[in-house]
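Colleague: I have the file open and would like to go through it with you. Can we start with some single residues and then move to the helices?

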Amino acid sequence: MPTSSYNVQDYLRSHIRTVPNWPAPGVQFRDITPLLQNPKVFRVLIDAFVHRYMDPHLRPDVVAGLDARGFIVGSVLAYELNVGFVPVRKKGKLPFTTVEETYELEYGSATVELHTDAVKQGDRVLLVDDLIATGGTMLAGKRLLEKLGATVMEGAAIVDLPELGGSQRLRDSGLALFTLVDFAGH
């Protein structure tokens, strides 16, 4: 019986679609939706995160997901870890009292918000998104959670685009970072 090595990163990479020239010419967009469409692939994706964060040293009290694709992975991960989930939303989307953080984009700025009662002082939070590009959204989410007294123990994403500098920027800010797939040099 032949054996083959099973590499989760390569398996997941093979299910990430590259869309050339979207949303602008020259951009190679990394589309994670195929990871979600196939139940086996989706389970492999979630299990890769669950197995990491089941470790008692890495287990969070809360998972926070960044608007919007961070909600998909983050909420399922929180459910599997049996911890709470909190959304970090774009400005104007949350109905209760919020704190906000504005960050710079390539052309302008954006603001994200969090309910003031989303986390408690001292909570260990795992901050989740689908992809790390420039790191601005995750850094803003980290600052929001820290404003409320939480500790962001790690940032997690499916994809890292290291050439855009976001992962290094996040690490330089003191945030530990875990990603499953990188597209360096592509």
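Colleague: Where is Thr111 found?

Modeller: Thr111 is found in strand 6, residues 108–115, where strands (E, at least two residues) and helices (H or I, at least four) are DSSP runs numbered from the N terminus. This is a predicted model, in which local features need pLDDT of at least 70 and side-chain atom pairs count only at pLDDT 80 or more, while totals for chains, interfaces and linings use all residues. Residues are numbered from 1 along each chain as its sequence is written, and side-chain values use heavy atoms, with hydrogens and water left out.

Colleague: Is Thr111 buried or exposed?

Modeller: Thr111 is buried, since its relative accessible area is 17%, and buried means under 20%, exposed over 50% and partly exposed in between, with a 1.4 Å probe and protein chains only.

Colleague: Which side chain does the Thr111 side chain make a polar contact with?

Modeller: That of Thr102, at 2.8 Å; a polar contact is a pair of N or O atoms within 3.5 Å, where within protein one must be able to donate a hydrogen and the other to accept it, and residues adjacent in sequence count only if both atoms are side-chain atoms. Leaving aside residues up to four places away in sequence, Thr111 touches several residues, among them Arg89, Lys91, Glu100 and Tyr103, with contact meaning heavy atoms within 4.5 Å.

Colleague: Changing topic, which residues of helix 3 are buried?

Modeller: They are Val41, Val44, Leu45, Ile46, Ala48, Phe49, Val50 and Tyr53, and what covers them includes helix 1, helix 4 and strand 8. At the start of helix 3, a side-chain oxygen of Asn38 comes to within 2.9 Å of the backbone nitrogen of Lys40.

Colleague: And which residues touch the most other members of the largest nonpolar core?

Modeller: Leu12, Phe49, Tyr53 and Ile158 do, out of 31 residues; a nonpolar core is a set of buried Ala, Val, Leu, Ile, Met, Phe, Trp, Tyr and Cys residues joined through side-chain atoms within 4.5 Å. Helix 3 gives the most to this core, with eight residues.

Colleague: What does Phe49 touch?

Modeller: Not counting residues up to four places away in sequence, Phe49 touches Val73, Leu77, Ala156, Ala157, Ile158, Phe178 and Leu180.

Colleague: Last one, how far apart are the end C-alpha atoms of helix 5?

Modeller: They are 17 Å apart, which agrees with the 16 Å that its 12 residues should span, because the expected span is 1.5 Å times one less than the number of residues. Just after helix 5, Gly149 takes a positive phi of about 90°.
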